[in-house]
Amino acid sequence: MGFLRSGTPSAAAVRASKETLKELAGALMIPSAIVPSASGGISIYFIRGDRTAYIENYNDGTQALVTYGDGQDAAEVLEIGVDIRTAELSNRISRHLDRT
């Protein structure tokens, strides 16, 4: 039917997504969409105008923050827990979406 067939999100991807959503709820951040990812995990999207930030929750439990849009030459990808702490996500997402 034209849909990319990827695996069902794993328990690790669901757990990571729930933990991240709890952290973001504490900062009063509401996602634009939560969808199965093409790689089989879960993607949590935040969209404002032509700017997008999303959290990719991979099936192995790892996560990445991806930001792009507004004339950005390439997407920025940060591994959560390595390049950025979970506690910094809401601030980083807000700064990206609110850039003028």
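Q: Which residues does Val14 touch, not counting residues up to four places away in sequence?
A: Val14 touches Pro9 and Ile42, where contact means heavy atoms within 4.5 Å. This is a predicted model, in which local features need pLDDT of at least 70, side-chain atom pairs count only at pLDDT 80 or more, and totals for chains, interfaces and linings use all residues. Residues are numbered from 1 along each chain as its sequence is written, and side-chain values use heavy atoms, with hydrogens and water left out.

Q: What is Val14 counted as, given 31% relative accessibility?
A: The scale calls a residue buried under 20% relative accessible area, exposed over 50%, and partly exposed in between (1.4 Å probe, protein chains only). At 31%, Val14 therefore counts as partly exposed. Val14 lies in helix 1, residues 11–26; helices (H or I, at least four residues) and strands (E, at least two) are DSSP runs, numbered from the N terminus.

Q: How far apart are Val14 and Leu65 in sequence and in space?
A: They are 51 residues apart in sequence and 16 Å apart in space, taken C-alpha to C-alpha.

Q: What makes strand 4 and strand 5 a pair?
A: They are joined by 4 bridges, again antiparallel, so they pass too. Strand 5 spans residues 76–79, and its Leu78 stands opposite Leu65. This hairpin has 6 residues between the strands, with Asp70 at a positive phi near 55°.

Q: Why are strand 1 and strand 5 called edge strands?
A: The sheet is open, with 5 strands in the order 1-2-3-4-5 and antiparallel pairing. Strand 1 (33–36) and strand 5 each pair on one side only. Neighbouring strands are turned by 20° against each other on average, direction ignored; axes are lines fitted to C-alpha atoms, for helices over the stretch in contact, and angles run from 0 to 180 degrees between N-to-C directions.

Q: Which strands does helix 2 touch as it packs on the sheet?
A: Helix 2 (residues 89–98) touches strand 2 (42–48), strand 3, strand 4 and strand 5, and its direction makes about 150° with that of strand 3.

Q: How do the elements of the protein chain run from the N terminus on?
A: Their order is α-β-β-β-β-β-α.

Q: Why is the protein chain called as compact as a globular protein of that length?
A: The globule rule is 2.2 Å times the number of residues to the power 0.38, and the radius of gyration is taken over C-alpha atoms. For 100 residues the rule gives 13 Å, and the chain has a radius of gyration of 13 Å, so the comparison holds.

Note on methods. Two strands pair if DSSP finds at least two bridges between them.
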